[in-house]
Structures are given as structure tokens and as C-alpha cells.
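Visitor: I am new to this structure and would like a short tour. Could you take me through it, please?

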Amino acid sequence: MTAKLIDGKAVSQKIKDQVQMRVEKLKHQGVVPGLAVVLIGDNSASHTYVKNKQKTCEALGMRSDLLQYPDDLTQAELLATIDGLNNDPNIHGILVQLPLPQHIDEFSVIMAIDPQKDVDGFHPVSVGNMMIGNEAFLPCTPNGIIKMLDHYAIEPAGQHVVVIGRSNIVGKPVGQMLLQRNATVTYTHSKTKDLVYYTKQADILVVAIGVAKFLDSRHIKPGAVVIDVGMNRDENGKLCGDVDYEDVFEKASYITPVPGGVGPVTIAMLMENTVQSAENSLAKDKSGRTM
Ligand SMILES: Nc1nc2c(c(=O)[nH]1)N[C@@H](CN(C=O)c1ccc(C(=O)N[C@@H](CCC(=O)O)C(=O)O)cc1)CN2
């Protein structure tokens, strides 16, 4: 068996085409969706991702404001910036690019963002609503993974999903979202004993640990679906995932490439959250006017 490629670029394009139609409809009603991206410091990967976000935003006809600061920005200054964006009627989505410099508390920053503009889906209000199945902004990478599975008719229901990694932005939410689609979910992490005992049981494996080529064919059962969330550089400085792609390709049924898999769909889901927020804002204004 050789794996079928899960083409993140193709899935991303399909989502962006739908977003573009929604943007045009909003523009006819006088609303230009606006995304504010706050970038602190000089992390080169973050600069690349933010550039991708801005480029995509503008290509879809949305407004994208970049607020860039040196890494000595104080937490108080950042919170004041976020407060200004919360109150800007032309801004519908706010994100602060992670990771942050060590002197800034990530939770305080996420808490400062108005949940109605939380297009990353990281705010506890968004997370809580997601957990109980309420409408919420869903985190972009986990939601993108769901969209890729849907695109290839890979049904999570009844499947054993093993998640490697327990971050607040990928591991924890993706497991919950797949649980809500009736998968059976096992969470594993750096402290899990005998990791292979769990990974070899997985019908669907989500690998989000940030270690280049960590997972190889010994970790998976034949026919597993492998979702590689990793974004690393190999010994030659080449972008690679958490999965040894060449080694796993012969054994998996589906696999996401890096680059070209989870990354592009993450961006597309951010665009979808941003246009959704602008639609929510317009609906709220209209309901206010009819009161
Ligand atoms: N505020 C946030 N910070 C971070 C998030 C997030 O969702 N919100 N997620 C990750 C990084 N991430 C989004 O910002 C992200 C990572 C990778 C890509 C991407 O397009 N990857 C490309 C390759 C890009 C390259 O050339 O290096 C691919 O995989 O094809 C987009 C977004 C952490 N921070």
C-alpha cells in the first residue's frame, strides 16, 4: 500500500473560494471584513506565517492590519493595543501571533481579546463553547484538520483517533472536536509510557509535537491516516513535519505533507473565521437598528 496524499492546498483553495463569495456579499452591504494581526519580536517562522495570513486576507478582498512591535514591548502596552482593536468597528478579527516573548503572559493576552473577535478560537469563551458543542470560533488548525478529513470522506465516527501532543492550540482541541464527531480519542504526550502501544492502535493519528521526523512506520498500523501538524526544519534547513514522510508513506492510507498540508488549511480557516465575524457584526447591527 502507498498512501494517498491529503492535499492541503487544494482543500484550502476550496475554502477560500467560498470565503471570497461571502466577502463580496458583505462588500455589497458596505462591510469590508478586517483582520488585525499583532506580531511581536523577530521569530522568522512567525513572520512567514503572518505574511501568509496578510497575503491571503488581501487576496480575498479583506482588510489586514499588521501591528508589529519589537520584543521589548511591555505586556501593558500589548493589552492597551488589544483594547483599541476590540473597540475598532472596522476590525472584526484579532489575533496575536504565537509564541510570545517570555515576559508576556499568553493567557492574559488571549483573555484580553473580545471573544466576538477571537478568530483564533483560543479565548476560554470560545474553548468552552467548543467543548459543549455550542457555536464558537473554532481553532484554525484543528478545524482545518476536520475539513481535510471531510474533503476526503475520512469519517472519524467509530474510528480510534490517537493524538500525540496536548497543546492548547492543536492537541487538546482537535481531540475534543473529533470526539464530538463520534471518534474514540486517546491523548498521548511526552510523558506517555510505551507510546507505540497507543499509536499502533490508531485508525487516525494526529501528530503535533514539534519534533522533526519523530514518527516513523514502526509507530503506525497498516492503513492508518496520518495527519502531520509539525512545522520543523531538518538537518539541511528544509521544512519538514513531525512525521518521517518517506518512511510512513508505504504503510499509511492517507498522509498530509509538510509543507502543503495542515499549514495552508490553517490559513484558510482563519479567513473563514474572519468573514464569519464580519457577518456576525453586520447581523448584530441590523438587529440593533430594527429594535
Ligand atoms: N495566533 C496564532 N499563532 C499560531 C498559530 C495560530 O493558529 N494562531 N498556529 C501556529 C502557526 N501557524 C499559524 O499561525 C501556521 C503555521 C504554518 C503555516 C503554513 O502556511 N505553513 C506552510 C509552510 C510555510 C513556510 O513556508 O514556512 C505549509 O505548511 O505549507 C500557516 C500558519 C503557531 N502560532
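**The annotated site and the ligand shell**

Guide: Gladly. Please keep in mind that this is a predicted model. Let us begin with Gly165: setting aside neighbours within four places in sequence, Gly165 is in contact with Gly171, Thr188, His189, Ala208 and Ile209.

Visitor: Where is Gly165 placed?

Guide: Gly165 is in the loop between strand E5 (160-164) and helix H7 (171-179).

Visitor: Is Gly165 buried or exposed?

Guide: Gly165 has a relative accessible area of 7%, which is under the 20% limit, so Gly165 counts as buried.

Visitor: What does UniProt place there?

Guide: An unreviewed UniProt entry gives the feature "binding site" at Gly165, Arg166 and Ser167.

Visitor: Let us take Ser167, then. Where is Ser167 placed?

Guide: Ser167 is also in the loop between E5 and H7. Its relative accessibility is 30%; this value falls between the limits of 20% and 50%, so Ser167 is described as partly exposed.

Visitor: And what does Ser167 touch?

Guide: Not counting residues up to four places away in sequence, Ser167 touches Lys172 and Pro173.

Visitor: A change of topic: which residues come nearest to the ligand?

Guide: There are 18 residues around the ligand, and those that come nearest are Lys53, Val96, Gln97, Asp120 and Gly260.

Visitor: What about Lys53 and an oxygen atom of the ligand?

Guide: A polar side-chain atom of Lys53 lies 2.7 Å from an oxygen atom of the ligand. For Gly260, a backbone N or O atom lies 2.7 Å from an oxygen atom of the ligand. Leu98 places a backbone N or O atom 3.1 Å from a nitrogen atom of the ligand.

Visitor: How much of the ligand does the protein bury?

Guide: The ligand taken alone exposes 680 Å², and the protein buries 84% of that area.

Visitor: Which elements give two or more residues to the shell around the ligand?

Guide: They are helix H2 (44-59), strand E4 (93-96) and helix H10 (262-290).

Visitor: Which of them gives the largest share of the shell?

Guide: The largest share comes from H2, with four residues.

Definitions and conventions:
Residues are numbered from 1 along each chain as its sequence is written. This is a predicted model: local features need pLDDT of at least 70, side-chain atom pairs count only at pLDDT 80 or more; totals for chains, interfaces and linings use all residues. Side-chain values use heavy atoms; hydrogens and water are left out. UniProt positions are given in the numbering used here, feature names are shortened, and annotations may be inferred rather than shown by experiment. Buried means under 20% relative accessible area, exposed over 50%, partly exposed in between (1.4 Å probe, protein chains only). Contact means heavy atoms within 4.5 Å. A residue is near a molecule or strand if one of its heavy atoms lies within 4 Å of it. A polar contact is a pair of N or O atoms within 3.5 Å; within protein, one must be able to donate a hydrogen and the other to accept it, and residues adjacent in sequence count only if both atoms are side-chain atoms. Accessible areas come from the Shrake-Rupley method with a 1.4 Å probe; for residues, only the protein chains shown count as cover.
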